[in-house]
2 protein chains.
Amino acid sequence: MYSSQLLKGTYQTLILKLLQDHPRMYGYEISQYLKEHSDGEIQLPEGSLYPILHKMAEEKLVKMERVHIGRRVRRYYSLTTAGVAEATSKIDEFNRFMATMKLLLKPNLKPL
Amino acid sequence: MYSSQLLKGTYQTLILKLLQDHPRMYGYEISQYLKEHSDGEIQLPEGSLYPILHKMAEEKLVKMERVHIGRRVRRYYSLTTAGVAEATSKIDEFNRFMATMKLLLKPNLKPL
DNA sequence: TGTAAATACATCGTATAACGATATATTGTT
DNA sequence: AACAATATATCGTTATACGATGTATTTACA
């Protein structure tokens with residue numbers, strides 16, 4: 001599990017990316033996906049997940065639809081047009097950020 | 001300039017890395033170094049820099065020495081033994097984190 | 001059949017990191 | 001003389017995230 005310090009600020013980008021690749025996903029599904037695809041290193045807690053999803057809905061980056069599964073109501077999220085643009089932009093920014101960090105953290109080869 | 005969201009949580013790692021590669025540095029020097037080596041994309045503001053440095057000194061990750069430069073007092077920071085270990089550990093964690101993020105943000109190749 | 005685990009959503013209060021604004025003083029440049 | 005750059009510092013605010021906790025349904029299994 002990575003330090004929460006590190007993960008902060010990446011959640012939104014990760015969620016946007018997942019919704020970019022999948023037509024729609026629900027909260028629990030998102031958290032499970034991240035856990036499984038990160039070897040358990042990324043565990044997005046509910047206390048963070050749902051507020052982020054609600055905020056993104058408020059900002060019109062995602063739209064939500066309630067789907068009845070038996071007696072249970074599941075909330076599916078999908079990207080809006082603005083969300084698609086935001087996803088592209090955030091992912092691009094993160095990639096540039098990684099390139100910069102890679103340079104800065106590059107091992108410093110010193111002569112013996 | 002990357003969104004402050006993204007930078008959060010990386011400052012400490014960056015500072016530890018700089019002090020790992022340089023025998024000693026002072027605050028202003030650190031901020032200038034990051035700015036220059038990131039194409040201006042990382043501008044660590046004073047309001048963030050000094051509190052971080054003070055906290056790291058308090059945690060005994062760095063030691064500080066005052067050096068008189070003419071009439072001015074410059075505060076040099078260098079890694080303690082604990083700081084050297086922390087630097088290695090933080091840099092390693094960040095590298096693993098980047099590998100995970102790279103996988104998760106990998107372009108999703110779809111057939112046309 | 002009972003119960004524990006997994007699924008699924010939610011919110012409140014707290015913690016803390018980072019930042020903008022602001023302040024002080026020296027040194028170099030025009 | 002005035003401005004930019006160097007150099008450090010702190011205060012108050014904001015944003016984000018998180019732990020704890022709560023509710024309810026569904027599945028597994030003993």
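Biologist: In helix α2 of chain A, which residues are buried?

Modeller: In this predicted model, the buried residues of α2(A) are A:Y11, A:T13, A:L14, A:I15, A:L16, A:K17, A:L18, A:L19 and A:D21.

Biologist: How is such a list to be read for the helix as a whole?

Modeller: The general idea is to apply a cut-off to each residue: buried means under 20% relative accessible area. In helix α2 of chain A, residues 11-21, nine of the eleven residues are buried, so the helix is largely enclosed by the rest of the structure.

Biologist: I turn to the strands. Which strand of chain A pairs with β2(A), and over how many bridges?

Modeller: Two strands are taken to pair if at least two bridges are found between them. In chain A, strand β2, residues 62-69, pairs with β3(A) in the antiparallel sense, over eight bridges. One residue pair to look for is A:E65 with its bridge partner in β3(A), A:Y76.

Biologist: What do β2(A) and β3(A) form, and how many residues lie between them?

Modeller: They form a hairpin, with two residues between the strands. In the turn, A:G70 has a positive phi of about 65°.

Biologist: Where does β1(A) belong?

Modeller: Strand β1 of chain A, residues 25-26, pairs with strand β3, residues 72-79, over two bridges in the antiparallel sense. There, A:M25 stands opposite A:Y77 in β3(A).

Biologist: In what order do the strands of the sheet in chain B stand?

Modeller: The order is β1-β3-β2, in an open sheet of three strands with antiparallel pairing. Strands β1 (25-26) and β2 of chain B stand at the edges; each has a single partner strand, so one side of each is left without a neighbour in the sheet.

Biologist: How many bridges join β1(B) to β3 of chain B?

Modeller: Two bridges join these antiparallel strands, β3 of chain B being residues 72-79. On the residue level, B:Y26 stands opposite B:Y76 in β3(B).

Biologist: A backbone angle remains to be discussed. What is the phi of A:K60?

Modeller: A:K60 is not a glycine, yet its phi is positive, about 65°. The residue lies in the loop between α4 (46-58) and β2 of chain A. In chain B, B:K60 likewise has a positive phi of about 65° without being a glycine, and is found in the loop between α4 (46-58) and β2 (62-69) of chain B.

Biologist: Is A:K60 buried or exposed?

Modeller: The cut-off for exposed is over 50% relative accessible area. A:K60 has a relative accessibility of 60% and therefore counts as exposed. B:K60 is exposed too, with a relative accessible area of 60%.

Technical notes:
Residues are numbered from 1 along each chain as its sequence is written. Chains are lettered from A and ligands numbered from 1 in the order in which they are written. This is a predicted model: local features need pLDDT of at least 70, side-chain atom pairs count only at pLDDT 80 or more; totals for chains, interfaces and linings use all residues. Side-chain values use heavy atoms; hydrogens and water are left out. Helices (H or I, at least four residues) and strands (E, at least two) are DSSP runs, numbered from the N terminus. Buried means under 20% relative accessible area, exposed over 50%, partly exposed in between (1.4 Å probe, protein chains only).
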